[in-house]
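Here is a report on one protein chain. Look over the sequence and the fold before reading on.

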Amino acid sequence: MDRAIARAIHASPLFAGTRFDESAVRTETFRKGRLLDDMRGSCACVGLVIEGTIDVYSVAADGFEVKLAELGIGDSFGICNLCSERALPTVLRCRTACRVMLMPKVRFMAMMESDAQLALRYARVCNEKIAFLIGRIEELAQATSAMKLETYLCDHADGNGIVRIKGTRD
């Protein structure tokens, strides 16, 4: 396994400490701006970001996009609908050129059946995603832009009250 993959696995709250059958995974590289999903042909996959940054958006019926999160090295995608046939209405867009590791969801489920620690890490990651999304809903539901800005700054401040903003003004 190459060093970038090993580093991403080690950084992953989901995959750290997991042993992989290398024949069960493959890697793909995507250019900046490319839209991604968890399907590779007819195979639903779990993805792990090895290199680059991916933005996650929710798209309303009128086409309005709300950025929900950004995925970096060690972050996973395609895991929230692991036990459901229902596709999730999120959009993944490569902010930079990206390299991802992909594993068929059926293989990942089999790994969880034989590795209780992996199953617990999966539950923990899903719980954290739920908590994050509840926070985003609260933030979006605030009445004024000033309140939204205040909440954002408070949520992103370090221990000294300093906020370092990543990305663009958008």
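## Strand β9 and its partners

Strand β1, residues 26-30, pairs with β9 through five bridges. The two strands run antiparallel. In this pairing F30 sits opposite C98 of β9. This is a predicted model.

Strand β9 also pairs with β4, again in the antiparallel sense, here over six bridges. V49 faces V100 of β9 across this pairing. How much of β9 is covered? Seven of its seven residues are buried. C98, V100, L102 and P104 point one way from the strand. R99, M101 and M103 point the other way. Residues on both sides are buried.

The largest nonpolar core contains 22 residues. Those with the most contacts inside it are I9, L14, F15, F20, M101, F108 and Y122.

What does I9 touch, beyond residues up to four places away in sequence? Its contacts are M1, F15, A16, F20, L48 and M101. Another core, of 13 residues, lies apart from the largest one. Its members include F30, V56, F77 and L102.

## R121 on helix α3

R121 lies in helix α3. Is this arginine buried or exposed? R121 is buried, because its relative accessible area is 13% and the cut-off for buried is under 20%.

Leaving aside neighbours within four places in sequence, R121 is in contact with P13, L14, F15, A16, G17 and T18. R121 and F15 are 106 residues apart along the chain. Their C-alpha atoms are separated by 8.0 Å. F15 also touches I9, and F15 is among the residues with the most contacts inside the largest nonpolar core.

## The four-stranded sheet

An open sheet of four strands has the order β2-β8-β5-β6. Its pairing is antiparallel. Which strands form the edges? They are β2 (35-36) and β6, each pairing on one side only.

Strands β5 and β6 are joined by six bridges and run antiparallel. V59 stands across from E65 in β6. D55 has E70 of β6 as its bridge partner. These two strands make a hairpin with five residues between them. In the turn, G63 has a positive phi of about 95°. Strand β5 also pairs with β8, antiparallel, over five bridges. There S58 lies opposite T90 of β8.

## The second largest pocket

How much space lies in the second largest pocket? The volume is about 920 Å³. The pocket has a lining of 33 residues. Nearest its centre are V56, S76, C80, T90 and K129.

Several elements contribute to this lining. β5 (54-59), β6 (65-71), β7 (76-77), β8 (90-94) and α3 each supply at least two residues. The largest share, eight residues, comes from α3.

## Cysteines

How many disulfides does the whole structure hold? A search finds zero. C80 is in no disulfide. The nearest cysteine sulfur to that of C80 belongs to C126, 5.2 Å away. C80 is partly exposed, at 43% relative accessibility. C80 is also one of the residues nearest the centre of the second largest pocket.

The cut-off for a disulfide is within 2.5 Å. C94 is buried, with a relative accessible area of 2%. C98 is buried too, pointing from β9 the same way as V100, L102 and P104.

Notes
Residues numbered from 1 in each chain as written. Predicted model: local features only at pLDDT ≥ 70, side-chain atom pairs only at ≥ 80, totals over all residues. Heavy atoms only, no water. Core = buried A, V, L, I, M, F, W, Y, C linked by side-chain atoms within 4.5 Å. Buried < 20%, exposed > 50% of the residue type's maximum accessible area, 1.4 Å probe, protein only. Contact = heavy atoms within 4.5 Å. Pairing = 2+ DSSP bridges. 1 Å grid on protein atoms, 1.4 Å probe; cavity = no way out; pocket = protein on both sides within 12 Å on 5 of 7 lines; lining within 4 Å. Points joined across faces, edges and corners; volume = space filled by probe spheres on them.
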